[in-house]
Amino acid sequence: KCKEMLAEDIPKYAAPIEKCVKVHMPPHRKAALVSLAYNIGPERACKSTVVRKLNAGDVKGACDAFMMWNRGGGRVIKGLTNRRAQERLDCLRND
């Protein structure tokens, strides 16, 4: 049931990312961005340094910028740091 609910929600987060990112993204990079949008909201994701740098052609800078989103309530959260680190790795993949 949870997987079904997630599958229904993903398009709500993927569609705005597809609109605001103006460059080609391999599937793993898109998945990382959709994950970020799912967590912080699509509007914030589209206004983020991640998207800004990606659209400027700075893939490494964009991927590194995932790490800026590891706080909750003004403090660093280990779980968010771990999640962002994985998203960063997915973003950096070249396969």
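In this predicted model, Val21 makes contacts with Leu33, Val51, Leu54 and Asn55, once neighbours within four places in sequence are set aside. Val21 also belongs to the largest nonpolar core, a set of 21 residues. In soluble globular proteins, nonpolar side chains tend to be buried together.

Arg84 sits in helix α6 (residues 78–92) and counts as buried because its relative accessibility is 0%. Beyond neighbours within four places in sequence, the contacts of Arg84 are Leu36, Asn39, Ile40, Phe66, Met67, Trp69 and Asn70.

In one of them, the sulfur atoms of Cys20 and Cys46 are 2.2 Å apart. This pair links distant parts of the chain, with Cys20 in helix α1 and Cys46 in helix α3 (residues 42–46), 26 residues apart. The torsion about its S-S bond is about -75 degrees, so the disulfide is left-handed. Cys20 is buried at 16% relative accessibility, whereas Cys46, at 22%, is partly exposed.

A disulfide also joins Cys63 to Cys91, with an S to S distance of 2.0 Å. Because Cys63 lies in helix α5 and Cys91 in helix α6, the pair ties together parts that are 28 residues apart in sequence. This link is left-handed, with -70 degrees about the S-S bond. Cys63 is buried at 0% relative accessibility, and Cys91 is buried at 2%.

Conventions. Residues are numbered from 1 along each chain as its sequence is written. This is a predicted model: local features need pLDDT of at least 70, side-chain atom pairs count only at pLDDT 80 or more; totals for chains, interfaces and linings use all residues. Side-chain values use heavy atoms; hydrogens and water are left out. A nonpolar core is a set of buried Ala, Val, Leu, Ile, Met, Phe, Trp, Tyr and Cys residues joined through side-chain atoms within 4.5 Å. Buried means under 20% relative accessible area, exposed over 50%, partly exposed in between (1.4 Å probe, protein chains only). Contact means heavy atoms within 4.5 Å. Helices (H or I, at least four residues) and strands (E, at least two) are DSSP runs, numbered from the N terminus. A disulfide is a pair of cysteine sulfur atoms within 2.5 Å.
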